[in-house]
Amino acid sequence: MQNNRLASLLKEAVLTFVISLILFGPISGLVLDGFGFRNELGRSVTLAAIITAGRVLVSLAGMSEIGKRLRSRLTSSNSGVTVNTGQERSPLLPLAVLFLAGLALPFFADKYFLGIAILALIYCLLGLGLNIVVGLAGLLDLGFVAFYAVGAYLLALGYQYLGLGFWSALVIAPFLAGLFGMVLAFPVLKMHGDYLAIVTLGFGEIIRLVLNNWLEFTGGPNGAPVPAPTLFGLEFTRTAKQGGVPIHEFLGISYSGDYKFWFIYVVLFLVVCAVIYAVHRLRVMPLGRMWEALREDEIACRSLGVNHVFTKLSAFMLGASTGGIAGVFFAVHQGFVNPTSFTFFESALILAIVVLGGLGSTVGVVLAAIVLTILPELLRDFAEYRVLVFGILMVVMMIWKPRGLVRLTRPAFFPSSHSEAGIALRLEPQTEAGR
Amino acid sequence: MSTTETTAGPLLQFESVHAHYGPVEALKAVDVQISKGEIVSLIGANGAGKTTLLATIFGAPRTSSGRILHRGEDISTLPTNRISRRGIALVPEGRQIFQDMTVEENLMMGTTPIGMGHFEEDRAQMFDLFPRLKERRSQTAGTMSGGEQQMLAIARAMMARPELILFDEPSLGLAPLVVKRVFEVLAEIAAMGKTIFLVEQNANHALKLSQRAYVMVNGRIHLSGESAALLDNAEVRKAYLGLH
Ligand SMILES: Nc1ncnc2c1ncn2[C@@H]1O[C@H](COP(=O)(O)OP(=O)(O)OP(=O)(O)O)[C@@H](O)[C@H]1O
Ligand SMILES: [Mg+2]
């Protein structure tokens, strides 16, 4: 028995070593040197050895009692869809605490951390928006960044040409982005899966290329400046630039550049909360159910009279609107926009947030957005290996939790207590008689 | 007598309907009539075109020629989401319920054509008809047994308060006892005054339940008549009942 295990461990180690040698051999073993290349195979052997040692350690740890328990915990939990039982404690108190803690964050965080928090919230918004399209309606959209760009450029160009401020852009953005969502949705209504993904990918690139090449209108690669936000005409700059009064003069306090970020954070936080609430409501409304139904089975939907044009269109448009709002916040936070912020990599990152979070799960998306923005910051010390570590973590995640961080919870049905009682009363005599 | 019943003529009528999947002709000049209150069955071998016939009612595929008349009105060109609002419901083949949704949510989806106005009342009725669904109301549909899923598919169709219900092989893949229960349920539903069009491989059960029947072969209606007569028909007995 013991021998048997040792043999399989040895076999595994050799296999790992060979595979990593094949992988790392050409990548780090051969170094381009002018027109020829140098042989540095020693390096790849070292790398392969490190990986093999790691693999053996993981296997050994997995064989120990603690490891076994840990593994079963990690893999078996949350593998299916859970349904609320109606017996759960009301989440109101923890939610209220979270809400207040979130609001109070700027008072405890330094500028650097606040910046990350704002970024995390922006990705929350993007994730929530794409979650409607991909997670709920099941339409694979690889060009979501387009709507993000529309929101951001709306503020920048709207200010430049029409004198729009932060608040008006915030109101217009969902409509404009929704309109773009509709433009995209109409041609792809009949498409599924891969084809849909490719068309949306193209759409995202088209928007970026237009922003990049329409020099006279968008400023091209040079980008466009974005005005600072205002609050009831009060400005967050040192001196008034938009015809208002600087807020520090109005309040009689000394100027600090942080006020602007506090303000953005608080508004953004409230918007994220509102969107989470809206998505939560939508999921239990007929429209939300139709999205999910369409994702699961189009034939059944057809026979039930689900209007799939309307259903798909609304998913695209609402998702796009949310993306547009995120764009406005991104622009106002950066103070400047240019097309390099809206590459395919962004779309992929947002999609990663949705998939990692567990398709369709709001809590999961929020968690994933936070993890995926904070993680790269924590990994700053690893400099150029950052992306590699990031990738490895994603792969590991998908192996251990293939259905995302948080599995979908279905709303159990809680009819209002009195109507339920009413039915029970009416049914009682019937069922009695039936027996 | 109400006015709808004085306008004599079938509730649903196929008039020499043809349908294609690309170059393949799946339906060839099909004529079928279903009158209000009837139970009509359609039997045929695998690939005969039975599912296709039901699918043309919902516009996928659309008919390439011929008409589908519902109360005398051609519905073959209507947008698909308008069909179910006319009181036609389908229990699809292979019980295509929404796997990741709970039983309750599946029932809610069933109300799509008429809205949630009668939901609680109709749900109570369905829970009476299918007590198992009541036990499983908060379970995700995909985790239920095949028989329970079939019951859910039927209940979901009933939630739209349809006048005409189309069943596509409701006994598919179920144990004999459960098949028996399914046919009992069909009889109960008929007793509620619903019109039933039943597509089945299980010819014995289908012919015993229905009043009239059609036999489909290779996309054509090959035989039709009283179910009782077809049960005695030598060809039917040989090909579909496995008797001699
Ligand atoms: N989507 C499709 N694309 C192309 N051909 C199809 C499609 N659906 C069905 N067919 C073909 O049309 C014919 C009729 O199929 P249909 O599903 O209507 O048969 P059926 O009588 O319902 O069979 P079964 O009893 O096995 O369910 C078959 O030859 C089938 O291969
Ligand atoms: Mg079939």
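A residue is near a molecule or strand if one of its heavy atoms lies within 4 Å of it. Of the 13 residues around ligand 1, those that come nearest are B:K50, B:T51, B:T52, B:E93 and B:Q201. This is a predicted model, in which local features need pLDDT of at least 70, side-chain atom pairs count only at pLDDT 80 or more, and totals for chains, interfaces and linings use all residues. Residues are numbered from 1 along each chain as its sequence is written, chains are lettered from A and ligands numbered from 1 in the order in which they are written, and side-chain values use heavy atoms, with hydrogens and water left out.

**Ligand 1 and chain B**

- Helix α2 (residues 50-57) of chain B gives the largest share of the shell around ligand 1, three residues; helices (H or I, at least four residues) are DSSP runs, numbered from the N terminus.
- The side chain of B:E93 has an N or O atom 2.6 Å from an oxygen atom of ligand 1.
- For B:K50, an N or O atom in the side chain lies 2.7 Å from an oxygen atom of the ligand.
- At B:G49, a polar backbone atom is 2.9 Å from an oxygen atom of ligand 1.
- On its own, ligand 1 has 630 Å² of accessible area, of which the protein covers 60%; accessible areas come from the Shrake-Rupley method with a 1.4 Å probe.

**Enclosed helix in chain B**

- Helix α4 (residues 103-110) of chain B is largely enclosed by the rest of the structure, because eight of its eight residues are buried (under 20% relative accessible area, 1.4 Å probe, protein chains only).
- Among the buried residues of α4(B) are B:V103, B:L107, B:M108 and B:M109, as well as B:E104 and B:E105.

**Domains and surface of chain A**

- Chain A is divided into domain 1 (2-77) and domain 2 (91-410), with bounds from an automatic or database domain assignment.
- The centres of these two domains, taken over C-alpha atoms, are separated by 38 Å.
- A:I399 lies in helix α17 (residues 386-400) of chain A and counts as exposed (over 50%) because its relative accessibility is 60%.

**A:E296 in chain A**

- Helix α12 (residues 286-296) of chain A contains A:E296, which is partly exposed at a relative accessible area of 23%.
- The C-alpha atoms of A:E296 and A:G138 are separated by 8.0 Å, although the residues are 158 residues apart along the chain.

Note on methods. Helices (H or I, at least four residues) and strands (E, at least two) are DSSP runs, numbered from the N terminus. A polar contact is a pair of N or O atoms within 3.5 Å; within protein, one must be able to donate a hydrogen and the other to accept it, and residues adjacent in sequence count only if both atoms are side-chain atoms.
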